[in-house]
Amino acid sequence: MTDGTILAQRDYPNGNNYAKLTPDANGSYLSGSWTTVASSTYTRLYFASGVFPDGRLIVSGGEYSNAGSEVNKTEIYDPVANQWTVISPPAGWTEVGDAPCHILPDGRFLLGSIADNRTAIFDPVSNTWSAGPAKDDSSSTEESWTLMPDNTLVADECLRHPRTEKYIFGQNRWMYTGNTINDLVLSSSFEVGASACLPNGKGFFVGGTPRTGLYTMGALPTDPGTWTAGPDIPSINGRMMGEEDGPGCLLPNGNFLFSVGPVTSGGGTYESPTHFFEYDFRSNLLIRAPDSANAGGVPYSGRMTILPTGETLLSQGGSIYYYVSPGSPDPSWKPSITSSPASVSPASTYTLQGRQLNGLSQCVGYGDDSTASTNYPIVRIRNLGTNHMFYCRSFGFSTMGIATGAAIVSCQFKVPSTIEFGVSEITVVANGISSDPTSISVGNIVAVPPTSFSVFRGVLESGGLSDLLVSDDSYLVVRNGATTLMSESPITVTFDTTSPNAIPASLDFMVENHVSITGLTQRIDMFDFTAGSYEQEDQRSATTTDSTVTAIGSNPGRFVESGTHTLRSRLRVRADGPVFVNTWRSFTDKVAWDVGS
């Protein structure tokens, strides 16, 4: 779920009771705790599901249920209210059963029919169904759908194998995309295995036969793309292996973990035990993974998900195990934060912006019987004093697409009411891969504006105190005091205010500023009243367009004058070296201190 918890269906194979796993204070799921949550109205086994951008979960259908076989019963779980709500199925659909599905890049839910070539789309904003485009295939039954970076969904057709097709999101239509090189569908059962997009942008498909396939996108979403053969699945103990339904998960190191079991030449017998392989796209090889202690059953009874900490969780046979593969993600795969609040308060909601917040893949695949894609951002905050980890509830995702590259995408997050105050760091996680941390302070935050300023070096050209209170492109303009070419004469502006308390729990100083030329360095200092001197808190290259810089002070009580509660900070701008410009200017739009209690 989007708050970092793991929601699990209990009473396998077809219960309606659910529990959630919450990591411990140090972020460990292994030492986490299980708690019971609300029960759904209907039991279901083998069904469609997906997490909406608002954080709710939809479950639809069920091959087996207390309401009958191949039911159309559909429910939505609200994790905030801890409540299940029954909704109507798509109009005219008497069956949903074990239908394939996916959350589309715009957050809607696309569902395929197991009876014919119809599809349906659920809009979580209006909470209504509409008819989707008809598929090229005769039916969606048993298919595996894989989300690609060009916002298409690739499906290996099971009834008309080895044909494939894809859904073009931008045109709301399906098109034929050629045949797989080797047939991935086991004829007697019409089954295939797990699939997902790899970090190199190719789709990897595991067969119900001992085959695998690779799909490469075309230059345009409307191009059919190309299929190549992947490595064959090796026999084990003289028995031919395949995945007649079963789980798979993209690991942080880029390998795809999946299960296999014995398949006879005719197939369709769903044999045990379960074994595991990793596919390494760099070498185009399958690597035998260790068997889990709970893998004595058939592959289709297993489920996988990726944890925000990067481990894979496997449930099978009533037990749950971790899987950790060696290696680290390529740094280019990481999500990155481009904008986040400098300070937050408990139980408050904020916006975070960044790149690749949804990861490079849907990550988790299975086929038609279980859908647990994790291509959405998870936000967490770590207190640097206690090292305790706090997961926020994320929602409001600007996209559910993958591999968004340099595009700036966003999400909202709500800070838990139990969070600890103090200097912290915030990270965003996509498919078990964490961004680099960004500094943040946590507390009951009060934004305090400056009450006075003084130009210590340089010449005040225009503006005043009122221009520092609001980010409105109305500036305090200071030029350097240069009188000759190549001068390094700095600009220094000092700002004062009064702290609302003598010993803040946290303190940061924010400046929105830009300069008139390149080649300048900007520095922020806070005055330490205990030491009687300024302390440098931030230094970087100054920008020629407005940028907001936040400097965080550790042990913030020393920055408050004991008698008057004065806070004092300064902005300094100077040339990196000699420049052939007689004068330059600093433009300050907004200044504020965030004081936590």
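Strands E15 and E16 form a hairpin with 6 residues between them. Helices (H or I, at least four residues) and strands (E, at least two) are DSSP runs, numbered from the N terminus. The model is predicted, so that local features need pLDDT of at least 70 and side-chain atom pairs count only at pLDDT 80 or more, while totals for chains, interfaces and linings use all residues. Residues are numbered from 1 along each chain as its sequence is written, and side-chain values use heavy atoms, with hydrogens and water left out.

E15 (residues 152-156) and E16 (residues 163-168) run antiparallel and are joined by 5 bridges; two strands pair if DSSP finds at least two bridges between them. Asp156 has Thr164 in E16 as its bridge partner. E15 also pairs with E14, in the antiparallel sense, over 3 bridges. Trp145 stands opposite Ala155 in this pairing. E14 and E15 form a hairpin with 4 residues between them, and Asn151 in the turn has a positive phi of about 65°.

E15 is mostly covered, with 5 of its 5 residues buried. Buried means under 20% relative accessible area, exposed over 50%, and partly exposed in between (1.4 Å probe, protein chains only). In a regular strand the side chains alternate between the two faces of the sheet. Both faces of E15 are covered: Thr152, Val154 and Asp156 are buried on one side, and Leu153 and Ala155 on the other.

Thr141 lies in the loop between strand E13 (128-131) and strand E14 (145-147). Thr141 is buried at a relative accessible area of 13%. Beyond neighbours within four places in sequence, Thr141 is in contact (heavy atoms within 4.5 Å) with Ser113, Ile114, Cys158 and Leu159.

A search of the whole structure finds 0 disulfides, a disulfide being a pair of cysteine sulfur atoms within 2.5 Å. For Cys158, the nearest cysteine sulfur is that of Cys101, 15 Å away. Cys158 has a relative accessible area of 0% and is buried.

Salt bridges (a side-chain nitrogen of Lys or Arg within 4 Å of a carboxyl oxygen of Asp or Glu) number 22 in the whole structure. One of them links Glu157 to Arg163, with the closest N and O atoms 3.3 Å apart; Glu157 is buried, at 0% relative accessible area. Lys135, Glu143 and Glu165 are linked in a network of salt bridges. Asp436 and Lys334 form a salt bridge with the closest N and O atoms 2.9 Å apart. Asp436 lies in the loop between strands E39 and E40 and Lys334 in the loop between strands E29 and E30, so the pair ties together parts that are 102 residues apart in sequence. Asp436 is partly exposed at 48% relative accessibility, as is Lys334 at 27%.

The largest nonpolar core has 55 residues, and those with the most contacts inside it are Phe109, Leu111 and Phe413. A nonpolar core is a set of buried Ala, Val, Leu, Ile, Met, Phe, Trp, Tyr and Cys residues joined through side-chain atoms within 4.5 Å. Another core, of 32 residues, lies apart from it and has Val206, Leu250, Leu286 and Ala289 among its members. Residues touched by Phe109, not counting those up to four places away in sequence, include Phe52, Cys101, Phe122 and Trp129.
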